Amino acid sequence: MPEEGTVTSVITDEMKAAIGKKGKPVTHLIEKGAVRRFAQAIGDPNPLWNDEAKARKTRYGGMVVPPTFFCSLAGDPAAMRINLPYTRRLNGGDEWEYFQPVHVGDRITVVSELADLYERKGSLGNMLFVITKQTYTNQFGEKVAIHKNTLITY
Amino acid sequence: MAKQVYYEDVEVGMELPMLTKNPTTQQLVMYAGASGDFYQIHYDKDFAQGNGLPGVILHGLLKAGFVGQLVTDWIGEGGTIKKLGVSYRGMDQPGVPLYVKGVVTNKYIKNGEGYVEADVWTENQQGQKTTPGTTTVILPRKKR
């Protein structure tokens, strides 16, 4: 058993090698009904994501997706399937960066990757942070958004 | 919709108009369906309690969605959201109001555009910030 105070890393070479590996691209058609259902589930009545006729009169020219809609566009998780030492998990947080609006009718391709792994000692003991990243591009090849999730395993 | 807010209208320290949510278990089911997150802790009480939880809890991403709405309601059609980030620090359950709030922390012109940063969060009835986060937006500038 390691002595108290010594740090034994749980990050194996195999895990390190998985960082940056990308999953297969997955393409989703952005559907009006899906966008409306998502907006209604949040309870957000903004016409931009609910009302095509009103959205058409805005600078967007039609319905667009609300900021967290990307979580409904699944990527290929294969890239993130590494053997994790801890079985308990907590979702630490999500962040998004936006580059272009996403319109209903767009075809958005998601590529997932394991972005980073790091350890911290804290209130839960030794914690392994698993950062995954999704990059979203539209049918014109433009990057529309990126998303990062922090999974805390312990 | 509210009147468009402009870059010139905001000051550091200003509060964003508060949003009050009253999540229900029905809403958690709707969100599960709309997002594809069918983890049972969000709608199956026996499962949730079997996992040591007091009852079903809100999806973290649903709270992120609430925070997203706070921001998009504030910036209006003329504003553009550039970044949004949240951390999940506390659990929230349906059946009690959840307050969504924000405060402007910074403003600056970059590439001729009016950037504004704010702290944004969900807050429970005990005043705890269960989902603290930040956002960066671009607000339109008034015609000069």
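A residue is buried if 20 or more other C-beta atoms lie within 10 Å of its own. The model examined here is predicted.

**Exercise 1.** Determine whether Asp44(A) is buried or exposed, and describe where Asp44(A) lies.

*Solution.* Begin with the position in the chain: Asp44(A) belongs to the loop that links helix H2 (32-42) to helix H3 (52-56) of chain A. Next, apply the cut-off: Asp44(A) has 22 C-beta neighbours inside 10 Å, and therefore counts as buried. Then list the contacts, leaving aside neighbours within four places in sequence: Ala39(A), Trp49(A), Pro66(A) and Gln69(B). Finally, consider Pro66(A), which is 22 residues from Asp44(A) in sequence, with a C-alpha to C-alpha distance of 9.1 Å.

**Exercise 2.** State which residues of H2(A) are buried and how they are arranged about the helix axis.

*Solution.* First, identify the buried residues of H2(A), namely Val35(A), Phe38(A), Ala39(A), Ala41(A) and Ile42(A). Viewed down the axis of H2(A), these buried residues fall within an arc of 160°, so they line one face of the helix. Their cover includes two elements of chain B, helix H1 (25-35) and helix H3 (60-75). Lastly, look just after H2(A), where Gly43(A) adopts a positive phi of about 85°.

**Exercise 3.** Describe the contact between chain A and chain B, including the pairing of their strands.

*Solution.* Start with the residues involved: chain A contributes 24 residues and chain B contributes 27 residues. On the side of chain B that touches chain A, the elements giving two or more residues are H1, H3 and strand E2 (80-87) of chain B. H3(B) supplies the largest share of that side, eleven residues. By type, that side divides into twelve nonpolar, ten polar and five charged residues. Turning to the strands, strand E2 (residues 89-98) of chain A pairs with E2(B) in the antiparallel sense over five bridges. Within E2(B), Lys83(B) stands opposite Glu97(A).

Definitions and conventions. Residues are numbered from 1 along each chain as its sequence is written. Chains are lettered from A and ligands numbered from 1 in the order in which they are written. This is a predicted model: local features need pLDDT of at least 70, side-chain atom pairs count only at pLDDT 80 or more; totals for chains, interfaces and linings use all residues. Helices (H or I, at least four residues) and strands (E, at least two) are DSSP runs, numbered from the N terminus. A residue is buried if 20 or more other C-beta atoms lie within 10 Å of its own, exposed if 12 or fewer, and partly exposed in between; C-beta atoms are placed from the backbone. Two residues are in contact if their C-beta atoms, placed from the backbone, lie within 7 Å. The arc is that of the directions from the helix axis to the C-beta atoms. Ala, Val, Leu, Ile, Met, Phe, Trp, Tyr, Cys and Pro count as nonpolar, Asp, Glu, Lys and Arg as charged, and the others, Gly among them, as polar. Two strands pair if DSSP finds at least two bridges between them.
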